[in-house]
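Please take a look at the structure shown here. Some questions and answers about it come after.

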Amino acid sequence: MLGIDKVRELTQQILGMSHADQTEVVFTGTDSALTRFANSQIHQNVAETNTDVRIRVVYGKKIGVASSNDLEPEALKRTLDTARAIAQLQRENPDFQSLPAPQPAQTVQAFVERTANYSPEQRAQIVNVFCKKAKAKNVVAAGAFSTTAFEIAAANSLGVFAYHPGTVADLNTVMMADTGSGYAAHTSADASTINPDALADEAIDKALKSRNPQTIEPGEYTVLLEEHAVEDILNFSAFLAFSALAVQEERSFMKGKLGERVMGENVTLWDDGTASDLIALPFDFEGVPRQKVMLIEDGIARGVVYDTLTAQREGKTSTGHSLPAPNSMGPMAMHLQMAAGNTPKRELIKNVARGIWVTRFWYTRPVHPLKLLITGMTRDGTFLIENGEVTRPLKNLRFTTSYLDALNHVRAISRETKLAYNDWSNASRRMPALLIDGFRFTGVTQ
Amino acid sequence: MKDLTGRALNMAQMRGASYADVRIVKRDVQRIAVKNGKVEGLEQDETQGFGVRVIVNGAWGFASSSRLEGKEMDRIVAQAIAIARASAMGKSRDVNIGAPISVQGSYVTPIKIDPFTVSMAQKIDLLLKADAEMRRVPGVKVARAEMAFVRENKIFASTEDSLIDQELVESGCGIVALATDLQTGEVQVRSYPNAGGRNQVTRGYEFVLEQKLAENAARVGEEAVALLKADACPSYDAATIILDSSQLALQVHESCGHPIELDRVLGSEAAYAGTSFLTPEKLGRFRYGSEVVNITADATIVGGLGTFGYDDEGVPAQKTEIVRNGIFVGYLTSRETAQELKLGQSNGTMRADGWSRTPIVRMTNVSLMPGTWAVADLIADTDDGIWMETNRSWSIDDKRLNFQFGTELAWEIKGGKKTRMLKNATYTGITPEFWNACDAVGNEASWVVWGTPNCGKGQPPQIAHTGHGTSPARFRNVRVGVVK
């Protein structure tokens with residue numbers, strides 16, 4: 001971690017060297033470590049120190065981007081020269097108007113020193129709790145525990161400078177019994193909030209209860225989707241529907257629907273990068289402060305997220321949801337939350353005559369983006385619900401169903417919510433568990 | 001660089017490592033993306049750094065840094081040693097990587113035209129031309145064309161006296177047309193030459209020129225628009241399907257390549273990527289597919305995206321039989337997993353995503369070997385079936401058994417001829433049942449080695465580049481169509 005002063009100096013050094021019309025520098029620095037366990041012992045234990053400088057230069061409406069992780073002065077100059085050379089060879093982009101101007105940004109305290117200083121011994125001690133508990137219950141422990149400290153800065157030649165340091169502690173485990181498995185996970189900016197005993201017990205309990213699973217006929221069922229299954233619904237909604245670019249390209253169900261009811265009245269979704277109960281990042285990769293954007297309010301479509309380019313196309317201002325340039329994905333809701341309900345999670349199934357309890361989904365992929373039609377499998381704890389009780393474990397099921405349709409058939413929402421962090425996209429989500437009617441399962445595995 | 005690797009290895013041994021290796025990797029990536037007549041993305045990224053892997057007290061430690069300098073090397077070695085000592089706190093047995101391997105060698109991807117020397121203007125022109133051809137088709141809403149080039153230089157050195165340097169070069173390109181009809185709620189996509197608009201290989205710019213993107217662009221656009229009005233693929237409980245070569249490549253990747261990764265089989269990926277149905281007792285005994293199914297893992301195929309000289313443990317690239325006449329006979333191994341099953345020396349499939357990741361078992365070029373059928377004969381021999389081409393969606397369970405794939409385009413086959421175009425086709429099955437239902441594989445003339453540049457596995461996340469050679473093949477009694 002370089003700290004704000006060195007990062008400011010670095011970005012100013014690059015901006016000072018550039019003679020382009022406009023220049024942007026995005027800096028990221030990471031110190032991360034991950035301890036991985038399987039077969040009830042540590043089998044992979046790694047650490048990484050990295051930096052990245054991404055430079056975007058603009059000549060008129062010509063744009064070039066280059067990046068490097070080498071911070072030596074000659075490397076920075078080489079990267080700037082590459083970006084300049086690319087820009088000068090570029091065709092004009094008529095949509096481009098300007099990089100963003102400075103705006104006041106909210107500061108969010110999201111850096112926890114004890115997470116940043118977490119040692120391999122501390123991680124090993126927590127992992128050993130999982131391994132010992134697993135051995136005692138005759139199940140096999142697997143999982144990963146990562147601790148990360150990061151710093152991000154965005155600066156441009158119009159005066160933008162935004163800096164944010166943060167930490168993430170992320171632990172997940174799968175406990176495997178002979179014929180069943182169970183999952184538990186915990187994410188926080190603060191590693192000291194992890195309760196390894198409770199997490200291990202949760203996953204072991206589920207693994208033991210899921211032994212000797214039975215087959216059930218595919219069809220439409222009421223489902224209790226636990227929080228990590230709901231996370232998948234939020235991920236695909238963000239990816240396929242809540243981006244201004246998806247709307248502009250007419251591949252989002254939100255196209256032409258603002259102000260109309262598109263989901264059940266009990267569904268409210270918003271994105272807020274400044275929320276302290278997520279892994280906050282209060283500005284985007286253009287340095288624009290992230291606004292809280294109401295996406296769905298009581299089932300009514302209220303908005304989508306913008307970056308500078310998609311906003312300028314519509315004569316609007318960015319909501320602070322840019323990804324790093326150059327970006328063909330468009331803006332992204334990276335801090336999506338779903339409003340909690342008022343029913344304790346365990347009571348959600350009280351009135352379910354016959355349904356299916358789903359712990360999490362696996363390998364989900366869009367089949368039809370406009371319909372939010374997704375296929376995937378259940379994993380690590382799938383159970384039959386009968387007369388308000390979880391009665392039997394089930395073999396994993398394939399579903400092929402519309403998440404949009406699912407969000408139109410939410411019968412109840414849990415009072416509790418969980419935080420999840422995706423280490424591929426760096427998106428964090430906070431979501432409740434959902435009871436949904438008419439969820440369509442299309443196959444069973446062996 | 002030799003000074004740096006020597007310094008790291010010496011220090012590791014002095015601090016108690018019974019084994020250590022160091023990799024110094026520099027990777028340059030150039031990406032060009034054109035959308036609807038505008039150059040949407042033009043970037044060049046470089047990353048460099050090193051990773052040190054050690055065994056101390058019988059356990060692994062790995063640390064990495066982007067700062068290529070002596071003092072940082074010392075810090076990272078010390079960190080890797082400390083991590084290994086922490087790993088040893090809960091070990092149940094010592095790591096065993098088998099007999100020492102000492103290799104001194106080098107490898108360079110054979111290319112005709114270095115893609116990094118071709119002018120940006122020439123590349124942009126080619127993409128814009130293809131983009132314009134697609135948009136000339138009324139109804140195309142979004143046209144996208146892209147290229148990607150990778151050059152990776154890496155040095156591997158170990159305490160077993162291995163010293164290897166490699167330069168791997170990749171070239172990729174493709175186009176995509178998207179057509180939408182909001183009134184009917186249809187979105188349809190056509191891609192060329194591969195799904196998502198990119199095929200990638202370990203070759204030079206000559207590969208891009210051979211793809212003739214602009215010459216194929218109008219057809220791609222026309223097919224995307226035609227799909228909006230095409231009939232939906234009907235549902236069948238037991239249909240005959242023929243998969244085109246590119247779709248079959250992904251089928252091989254998901255339902256053969258992943259389950260033969262021995263780290264998965266032995267549980268190392270259980271919490272994330274999952275395990276495998278191909279458990280050790282099945283080796284040499286299990287009927288994975290019909291007699292016509294022969295699968296190899298071959299890291300030596302010229303141009304394959306999973307082609308290299310040496311893996312990231314310094315093991316030379318090689319060819320391994322995986323399925324012989326339908327019987328499962330081989331895994332993809334690392335030095336450690338090969339010892340665990342007493343398979344002898346590793347068959348060299350350990351690869352890391354750049355300098356900052358530790359190597360894990362990865363597919364090389366896992367291929368379905370050619371059969372005897374000319375593609376025209378395969379279609380003519382099919383009375384009632386569906387031809388499916390170019391992947392649109394893919395999903396498989398964590399043991400690699402239950403899969404479902406969707407394709408961009410399908411054709412009904414009646415009386416040995418392709419008849420009507422079908423949209424939204426999907427097929428689903430259970431891996432060994434499906435491969436046992438394969439009754440015909442296309443011949444060498446239709447065999448293509450496809451690249452999959454986006455294979456995700458591992459924690460922290462790693463992307464691997466894998467290759468898959470396939471000809472079209474026919475499968476009987478397959479469940480088709482679950483999309484309403």
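The questions and answers below concern a predicted model.

Q: What length is expected for helix α3 of chain B at 1.5 Å a residue?
A: Helix α3(B) covers residues 120-135, which is 16 residues. From its first C-alpha to its last it reaches 22 Å. That is close to the expected length, which is 22 Å.

Q: Why can the buried residues of α3(B) be said to line one part of the helix, and which part is it?
A: The buried residues of α3(B) include Met120(B), Ile124(B), Leu127(B), Leu128(B) and Met134(B). Seen down the axis of α3(B), the buried residues fall within an arc of 160 degrees, so what they line is one face of the helix.

Q: Which element of chain A do the buried residues of α3(B) pack against?
A: Within chain B, the buried residues of α3(B) pack against β1 (19-35), β2 (38-56), β5 (140-158), β6 (163-181) and α5 (213-229). They also pack against an element of chain A, namely α2 (73-89).

Q: Is β1(B) largely enclosed by the rest of the structure or largely open, and how many of its residues are buried?
A: β1(B) has 17 residues. It is largely enclosed by the rest of the structure, because the number of its residues that are buried is 14.

Q: How many bridges join β1(B) to β2(B), and how many join β1(B) to β5(B)?
A: β1(B) and β2(B) run antiparallel and are joined by 17 bridges; in this pair, Asp21(B) has Arg53(B) as its bridge partner. β1(B) also pairs with β5(B) in the antiparallel sense, and there Arg27(B) stands opposite Glu152(B). The counts are 17 bridges to β2(B) and 15 bridges to β5(B).

Q: Which residue takes a positive phi in the hairpin of β1(B) and β2(B)?
A: This hairpin has two residues between the strands. The phi in question is near 45 degrees, and the residue that takes it is Asn36(B).

Q: Which strands stand at the edges of the open sheet of four strands in chain B?
A: The strands of this sheet follow the order β13-β12-β11-β16, and the pairing is antiparallel. Two bridges join β12 (residues 319-324) to β13(B), and Arg324(B) stands opposite Ile327(B). Each edge strand has a single partner strand, so one side of each is left without a neighbour in the sheet; these strands are β13 (327-328) and β16 (366-368) of chain B.

Q: Which element gives the most to the lining of the largest pocket?
A: About 770 Å³ of space lies in the largest pocket. Of its 34 lining residues, Asp178(A), Thr179(A), Gly180(A), Thr275(B) and Lys399(B) lie nearest its centre. β5 (161-176) and β13 (373-386) of chain A each supply at least two residues of the lining. With four residues, the element that gives the most is β13(A).

Notes. Residues numbered from 1 in each chain as written. Chains lettered and ligands numbered in written order. Predicted model: local features only at pLDDT ≥ 70, side-chain atom pairs only at ≥ 80, totals over all residues. Heavy atoms only, no water. Expected span 1.5 Å × (residues − 1). Buried < 20%, exposed > 50% of the residue type's maximum accessible area, 1.4 Å probe, protein only. Arc of directions from axis to C-beta. Contact = heavy atoms within 4.5 Å. Pairing = 2+ DSSP bridges. 1 Å grid on protein atoms, 1.4 Å probe; cavity = no way out; pocket = protein on both sides within 12 Å on 5 of 7 lines; lining within 4 Å. Points joined across faces, edges and corners; volume = space filled by probe spheres on them.
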